[in-house]
Amino acid sequence: MRKSKKMDKSSVFEDKKVTRRSFLRGIGALGLGVAASPMMGKLASAAVPKGPLKLTYWDSENPQMTPWRKKRLAMYLEKHKNITVDFQSFPFTDVGKKVSVGFATGTAPDGFTTIDFFIPSFTSRGLIAPLDVQQLGYSSLKAFSDDHPAAFVAGAMKDGKLYAYPQWWYGFLNYINTKQFKEVGLDPVRDQPQTWEQLGEVAKKLTIKQGDKFIRQGFKFAMHAAAWTVIQFNPILIQCGGAWFDKNGKCSINSEAGVRAMTIRASIIRQYAAEDPADTVATHPLPMMDWLRERCSMFYSHPIPPAAIRSQNPIMEAEGYYMPVQSPGVDPNKRYASCYGVISVISATASRDKQEVLHDLLRFMYSDVIDAWGATKPFLPARKSGWADHPDVKNFPHLQELIKSRDNGVLLPRSVVYAEMTDIMHRAVQKVVLTNANIKATLDTAAEEIDRATEDFYKK
Amino acid sequence: MEWVGMLPLAALTFLIVLPIIWMISTSFQASEKAYQLTTEWIPSVWHPENYPNALTRWPFPRYFLNSAIISVSVMLGNLIFCTLAGYGLAKYRFPGDKILLLLILSTLMLPMEVTLVPTFLLIHKLGWLNSYKGIAGPILIDAFGVFLMRQFIMRIPSEYIEAARIDGAGEFGILWRIILPQCKPALATLAIFAFRDSWDQFIWPLVAVSADEYRTFPLGLVRFSEDFANPPNEQMAIAVLATIPVVLVFWILQRSLRTGFTLTGLKG
Amino acid sequence: MIKWQINYRLRLMLWGILFISPTICFFIIFKYGPMLWAMWLSFTAYDMVSTPKFIGLYNYSSIFQDPTFIQSLENTLLYIVVAPAAITVVSLGLAMAINTKVRGARIFMSSMFLTNILPILACCLIWRFLFHPHGLVNQLLNPLGFGRIDWLTNQYTAMPAIIIVTVWRFAPYFMLVFLAGLLAIPNEIYEAAAIDGSTGTSRFWYITLPLIAPIMFFIIVVSSLLCARIFLFPYIITGGGPGGATRVLSLLIYETGFFYMKMGRAAAVSVVLFVIVMVLTIIQMRAFAKTEEH
């Protein structure tokens with residue numbers, strides 16, 4: 001029964017004769033009438049070229065997203081038999097490299113998946129094409145902006161043009177182990193940490209030590225990848241009133257606010273002794289492994305799929321003794337985290353025909369948001385409207401927290417040397433957290449390195 | 001004397017081999033065991049299904065096949081061209097031969113990182129990306145192999161060659177019938193290390209391959225370790241499987257191996 | 001008669017050139033060509049997409065003022081000096097241990113050699129687990145009185161950890177080379193020395209060592225070259241951390257070129273690495289020539 005509803009969904013979007021009423025009935029929208037109209041406004045697909053056309057699309061591999069994309073692609077190709085798509089997927093780190101090499105050697109794909117923080121490195125070199133929101137199914141840029149989180153829009157626009165089509169967009173949350181909370185006499189809802197100090201205190205209560213060994217750490221930051229380091233540090237910096245770059249473009253993480261932010265970052269270890277960064281069983285595939293194995297009570301992470309929890313700790317998933325809460329803030333009323341997401345972009349080198357087809361393909365792929373959600377939950381669709389109130393969706397555990405985190409999230413820094421910048425920050429955090437380095441000195445060096453990296457980039 | 005020294009030596013060997021034993025033991029454990037961080041050497045519960053599980057998560061049989069094709073090609077390439085060049089340098093005098101030897105050896109000082117991008121661009125221009133010749137091509141001949149064969153062949157008395165020439169043998173004939181049979185230890189050494197080194201190759205295939213059908217197993221293993229729910233036990237299973245071909249090649253050629261060593265480091 | 005001799009010599013010369021030419025062509029295309037191209041690249045700014053832009057010595061002046069590069073340089077120098085020395089000493093020790101007429105020495109030797117046969121990636125993955133704060137290494141050291149050592153996350157132990165893995169992997173290989181050399185020393189020399197009343201240690205210093213000096217030189221040079229190129233160990237085991245403590249130049253080159261897309265800068269770092277290796281080799285060759293004279 002559910003399946004046929006989903007089929008209805010796609011036929012709703014494909015069949016241009018549908019009326020607004022049947023659409024609204026189909027998704028049981030409550031109060032989504034206004035939001036739905038921009039999508040209804042222009043559903044006519046782009047004039048898809050009729051002749052044979054071959055496209056290449058490079059996807060960033062994800063065990064949930066990739067099979068779903070392939071499925072949607074197959075559906076699209078069924079309808080448009082004149083089009084063939086060479087769809088390849090690679091590990092995320094590979095895609096970036098291969099795309100650059102592709103651009104260098106004239107073998108770039110026509111479209112590819114990437115993450116939003118890489119947009120500047122492409123737009124600064126004119127490598128990706130601006131998108132036409134009307135071909136994506138929106139009547140105007142404003143309609144598009146209204147239907148997507150503000151942070152995304154801000155980060156994907158350049159000179160008034162939109163450069164990325166988002167599919168998934170989400171923010172970080174503090175995942176807490178409610179059973180362990182109750183064990184030490186805390187109430188997961190009332191006592192959830194709202195500020196970083198509270199986080200430290202709560203973490204301290206939850207920590208169990210035996211000599212120099214932590215049996216249980218109160219809280220953990222993931223330390224395995226540079227991208228995560230920046231995602232974690234970003235909101236703290238902004239909450240302290242700091243910024244990555246000042247108005248002249250010079251790196252300002254070593255400002256007073258930056259030092260305060262880094263001190264907060266290190267405080268769980270240094271001040272509250274509730275975290276042991278060297279003691280982790282986290283691995284690349286599962287950075288939240290410590291939390292899954294109940295070696296720590298709280299973990300700062302993107303939405304965690306129930307399947308991941310089930311794979312490592314089936315009891316925790318079955319009994320549901322966990323919950324994501326909003327990130328702590330410097331101000332208890334401003335508890336936001338970083339947000340980011342998976343996007344598709346179109347190469348500037350793709351021919352006009354191919355660009356049109358890609359627009360149409362992307363529009364089709366993500367026209368069934370409910371289906372997307374079903375395949376990739378809990379990673380949230382980037383779109384605001386058309387799915388969250390659906391009966392199949394709205395009872396998903398903690399959905400409102402996830403959405404709140406997404407919509408309140410702050411953008412990651414925009415830099416043309418994002419990869420290098422994250423590596424520099426990662427080393428800086430390692431120095432502070434693992435080798436107990438002086439915070440101001442470390443940040444000074446890091447800021448210098450970031451400035452040098454940026455200067456290098458423009459030396460052309 | 002014979003038995004007394006054995007115990008400490010056995011203990012030393014055991015200590016050295018311990019990580020390998022750990023690898024094998026872990027490959028049969030359940031995934032939780034890897035995170036318990038207290039080593040259980042003999043698994044209380046054996047999980048041989050780690051092996052077929054690991055092989056099916058990613059197309060490892062294909063990856064292993066690709067690695068095999070590449071490694072055999074590189075091994076053959078080295079055997080053929082290093083011998084030719086080694087023979088040429090050892091037994092022939094021509095203007096510039098010393099300089100050429102030095103130049104060849106100097107390529108040993110060129111890490112792949114220096115030549116990675118230009119090599120990639122070159123392979124792309126040749127249209128060899130994502131093909132066996134593209135992956136095996138740039139690593140087909142190793143200067144170390146040339147040096148090895150040169151050193152070894154130099155020790156073969158030139159009288160045999162002179163005599164064969166007087167008898168009217170052609171140069172290739174001399175190489176084939178006189179030199180090669182005496183080269184078996186060096187050839188075995190060369191074969192083994194060419195195979196082993198190309199089996200281990202990581203950086204070059206990483207750049208040269210973007211299509212799954214041509215991935216080699218190290219690339220597969222790293223992808224595997226970045227996958228969502230991949231357990232370390234299965235990683236170890238793949239690692240064990242990856243060790244077997246090299247062990248086999250070594251085993252087959254090992255008798256010739258030991259004597260091959262003597263000729264590389266000594267003077268002359 | 002002379003004409004025939006000249007023809008003969010010429011013919012042989014041409015054959016020699018013929019034999020060596022495929023290899024030379026190969027190296028021109030795949031080694032020298034790219035190397036020169038990389039040297040040229042080092043004077044440019046090149047992100048692989050736009051055409052390279054000539055910027056003179058900027059890359060070089062920039063990297064030598066960059067603390068990241070200096071740190072990588074120091075790490076590499078430390079590694080290139082310490083690791084080959086450790087490998088040489090350990091492999092000599094292992095060779096001498098095997099060379100005693102102990103029963104089953106052959107089996108021990110073959111078993112040790114397994115560390116060299118194991119795929120290098122497997123090596124990395126295994127040791128990453130073993131060096132965990134509660135991993136096997138610490139489990140074994142604990143009863144000996146050592147506290148917990150954060151091998152991979154402490155800036156003072158990260159590089160030693162990488163060196164340990166390096167020695168573990170390469171010493172057995174060089175052990176075999178040493179063994180070949182030790183076996184080549186005729187017994188008569190030792191017997192004569194024994195008659196003269198020399199002790200074990202003096203036998204080692206005055207007989208064994210000088211006789212295997214050529215092999216030792218070979219091992220030091222080859223292991224230095226191997227260590228200059230090492231990439232996977234720091235890449236997989238520590239990711240270059242903590243805080244860049246194990247980031248060696250090859251890792252920096254790879255990241256600068258393929259993650260930061262700064263090929264010109266990466267080429268400059270490669271040239272520096274190449275120079276280091278050349279200088280090291282020259283020094284070693286000079287040192288060896290000197291000891292040869294004795």
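**Contact between chains B and C**

The contact is made by 68 residues of chain B and 69 residues of chain C, where two residues are in contact if their C-beta atoms, placed from the backbone, lie within 7 Å. On chain B, helix H14 (232-265) gives the largest share of the side that touches chain C, with 13 residues. By class, that side of chain B has 47 nonpolar, twelve polar and nine charged residues. Ala, Val, Leu, Ile, Met, Phe, Trp, Tyr, Cys and Pro count as nonpolar, Asp, Glu, Lys and Arg as charged, and the others, Gly among them, as polar.

This is a predicted model: local features need pLDDT of at least 70, side-chain atom pairs count only at pLDDT 80 or more, and totals for chains, interfaces and linings use all residues. Residues are numbered from 1 along each chain as its sequence is written, while chains are lettered from A and ligands numbered from 1 in the order in which they are written.

Now chain C. It has twelve helices and two strands; helices (H or I, at least four residues) and strands (E, at least two) are DSSP runs, numbered from the N terminus. Of its 294 residues, 49% are buried, meaning 20 or more other C-beta atoms within 10 Å of the residue's own.

Last, chain A. In strand S6 (residues 165-171), seven of seven residues are buried. S6(A) pairs with strand S12 (residues 338-346) of chain A in the antiparallel sense, over six bridges; pairing needs at least two DSSP bridges. Within this pair, A:Trp168 stands opposite A:Val342.

Methods
Buried ≥ 20, exposed ≤ 12 C-beta atoms within 10 Å, placed from the backbone.
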